[in-house]
Amino acid sequence: MNTDVITDIAQAEEGTSLWQDAWVRLRKNHLAVFGLVVLVTMIVIALLTPWIAPYAYDAQNLDLGASPPSAAHWLGTDVFGRDLLTQIMYGGRISLAVGFIATSVALLIGVTWGAIAGYVGGRTDAIMMRLVDILYALPFMIFIVLLMVVFGRNMVLLFLAIGAVEWLTMARIMRGQVQSLRQQEFVEAAVSLGLSPATIIRRHLVPNALGPIIVYTTLTIPSVMLLEAFLSFLGLGIQPPQTSWGLLISYGAETMEEYPWLLIYPGLTLTITLFSLNFLGDGLRDALDVRGSKD
Amino acid sequence: MGRFLAIRLLQAIPVILAVITVTFFLVRVAPGGPFDSEKAVLPEVKAALEAQYRLDLPLFQQYTAYLGDLAQGDFGPSFKYPGRSVNELIGAGLPVTAELGLYALLIATVIGGLAGVIASLRPNTPQDYIPMALAMIGICMPTFLLGPLLVLLFGIELEWLPVSGWGDIPGDKLLPSITLGAAYAAYIARLSRAGMLEVLSQDYIRTARAKGLPEWQVVVKHGLRGGLLPVVAFLGPAFAGLLAGSFVVETIFQIPGLGRFYVQAAFNRDYTMILGTTVFLSTLIVLFNLLSDVLAAWLNPRLRHQFGGKA
């Protein structure tokens with residue numbers, strides 16, 4: 001403890017930035033580092049999949065059928081003789097893409113909404129946040145199912161629908177941040193310089209609220225991925241010929257009695273990824289010293 | 001208390017109305033009519049059907065008529081199963097889903113609460129780490145994965161428990177309830193641990209210890225009431241999650257509950273059924289959130305004044 005304090009002081013004298021400081025703290029958190037490493041690995045694999053996947057995505061071997069893990073097929077094959085590892089790699093591209101894109105949608109709407117409400121204040125703020133309160137009370141899981149049924153199961157809609165659900169908390173967090181920031185001198189200075197509200201929000205408020213935004217984003221990604229997997233499992237999310245981890249788990253569950261590996265490996269992949277993201281999010285929260293509840 | 005309850009009830013009404021309105025118009029703008037089948041239907045038959053389902057009226061009149069039906073507790077007929085009404089399906093499915101949800105909630109609160117309190121008594125020891133690590137697994141393991149895995153282990157490998165059904169064979173209610181409750185047990189364990197840790201460091205706990213109360217009495221009589229507050233506040237939102245979870249669990253274990261009906265209706269594009277169940281489930285969720293707020297206020301008078309003062 002004592003040495004920590006001393007190094008902290010020493011670093012303060014060298015003039016470490018908030019980010020360097022956070023990085024040092026994050027690196028001490030083994031679980032968070034583990035999460036980061038796993039996540040980066042997953043992303044790299046997902047990006048390189050078309051080149052490094054052991055088999056082609058649509059390669060079938062009907063003579064082989066479902067076979068347990070072997071030297072030729074590390075994680076086994078499904079009933080059509082398709083390589084499971086290849087399926088998981090391609091599925092991961094979709095699962096991760098949904099996670100990141102839908103979270104970006106949520107981030108964009110939430111940060112903009114919260115920043116405007118917090119900055120303008122007054123009646124606008126009251127109306128905007130009241131709307132958020134009302135939307136919060138809506139049972140969104142049911143609404144997403146409804147949306148997928150009504151508008152067909154397409155992926156863009158899936159991104160938008162999930163993003164549209166997850167922005168609410170982001171808006172609340174952002175509003176709280178902006179409300180406390182806008183009282184500070186540097187914002188007053190920006191106002192007196194005649195900058196437009198949009199510029200002030202973009203240049204001065206958002207960068208200063210980055211900590212909570214990053215932490216909450218990291219924690220939103222796993223819940224978005226879970227939502228996608230949930231919908232795909234029910235058959236309302238990703239549709240064949242595309243695949244995702246949720247869809248693979250759903251197929252695996254159907255045939256688990258005879259071919260348990262088809263359930264276990266996709267399940268393991270999804271669980272490890274969710275674990276990593278949660279650990280990383282918790283670690284970032286501690287490292288960036290963001291208080292407040294997760295929800 | 002009455003005033004608080006009244007305010008909260010009034011706030012719930014616009015939310016429920018919004019749900020009804022949005023769902024109604026969403027379902028109506030959905031592409032494809034309910035009777036667009038491959039078979040050509042005689043124009044007279046089609047007209048008769050449309051009249052029966054009031055599709056011949058202007059949209060807004062359909063809406064007001066639907067509101068009128070709802071006010072009388074009539075959720076409308078099913079599109080896909082002529083002769084069956086949404087009310088009948090809800091009547092058949094609700095008791096099953098309610099029972100499943102109740103067991104799951106019971107498992108979640110008892111096991112989760114116990115684990116959280118036990119962990120909070122000796123923080124940063126194995127007594128804390130082990131339950132919390134298990135809780136983390138519970139949170140990260142999705143219901144739709146846990147269910148099949150439990151079936152694989154206890155149903156197929158060990159053959160201890162039935163793999164599906166509800167109330168047909170003794171013991172077949174156990175796996176679905178555990179599957180549905182596990183994630184909530186994990187959340188409740190984390191919440192109650194955090195809540196207890198905060199409460200146990202308060203002055204009045206020190207006072208209780210100082211006057212010589214045995215430790216279990218300090219924990220049970222003085223600690224739990226404050227420490228479990230976050231859990232009570234969580235129960236409302238948890239209810240919504242439990243319903244969504246029941247979609248999955250009822251599908252996996254082939255339980256004839258509301259969740260399975262809902263998923264089936266979604267697949268069949270049974271629009272009135274979706275509309276009816278969405279309105280019904282949403283109202284239920286809004287009311288449960290209300291109930292959990294009221295309960296939290298009842299346990300913590302400070303909250304009550306906050307709400308009363310704001311409104």
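**View 1. Arg175(A) is partly exposed, with a relative accessible area of 23%.** The model shown here is predicted. Arg175(A) pairs with Asp125(A) in a salt bridge whose closest N and O atoms are 2.6 Å apart. Asp125(A) is classed as buried because its relative accessible area is 8%, whereas the buried class requires a value under 20%.

**View 2. Asp78(A) and Arg82(A) form a salt bridge within chain A.** The closest N and O atoms of the two residues lie 3.0 Å apart. Asp78(A) has a relative accessibility of 11% and therefore counts as buried.

**View 3. Glu99(B) and Lys173(B) meet through their side chains in a salt bridge of chain B.** The N to O distance is 2.8 Å. Distant parts of the chain are linked by this pair, for the two residues are 74 residues apart. Glu99(B) sits in helix H4 (residues 86–121) of chain B, and Lys173(B) in the loop between H6 and helix H7 (174–200) of chain B. Glu99(B) is partly exposed at 24% relative accessibility, and Lys173(B) is also partly exposed, at 25%. Over all chains, the count of salt bridges comes to eight.

**View 4. Chain B meets chain A through 41 residues of chain B and 39 residues of chain A.** About 3,400 Å² is buried between the two chains, and 82% of this area lies on carbon and sulfur atoms. Leu26(B), Cys140(B) and Phe144(B) account for 18% of the area that chain B buries against chain A, more than any other three residues.

**View 5. The interface of chain B and chain A contains zero salt bridges by the rule applied.** On the side of chain B that touches chain A, two or more residues each come from helix H1 (2–29), helix H5 (126–140), helix H6 (143–157), helix H10 (229–252), helix H11 (258–268) and helix H12 (271–299) of chain B. The residues on this side of chain B comprise 33 nonpolar, six polar and two charged.

How values were computed: Residues are numbered from 1 along each chain as its sequence is written. Chains are lettered from A and ligands numbered from 1 in the order in which they are written. This is a predicted model: local features need pLDDT of at least 70, side-chain atom pairs count only at pLDDT 80 or more; totals for chains, interfaces and linings use all residues. Side-chain values use heavy atoms; hydrogens and water are left out. Contact means heavy atoms within 4.5 Å. Buried area is the accessible area (1.4 Å probe) that two parts lose on being put together, summed over both. A salt bridge is a side-chain nitrogen of Lys or Arg within 4 Å of a carboxyl oxygen of Asp or Glu. Helices (H or I, at least four residues) and strands (E, at least two) are DSSP runs, numbered from the N terminus. Ala, Val, Leu, Ile, Met, Phe, Trp, Tyr, Cys and Pro count as nonpolar, Asp, Glu, Lys and Arg as charged, and the others, Gly among them, as polar. Buried means under 20% relative accessible area, exposed over 50%, partly exposed in between (1.4 Å probe, protein chains only).
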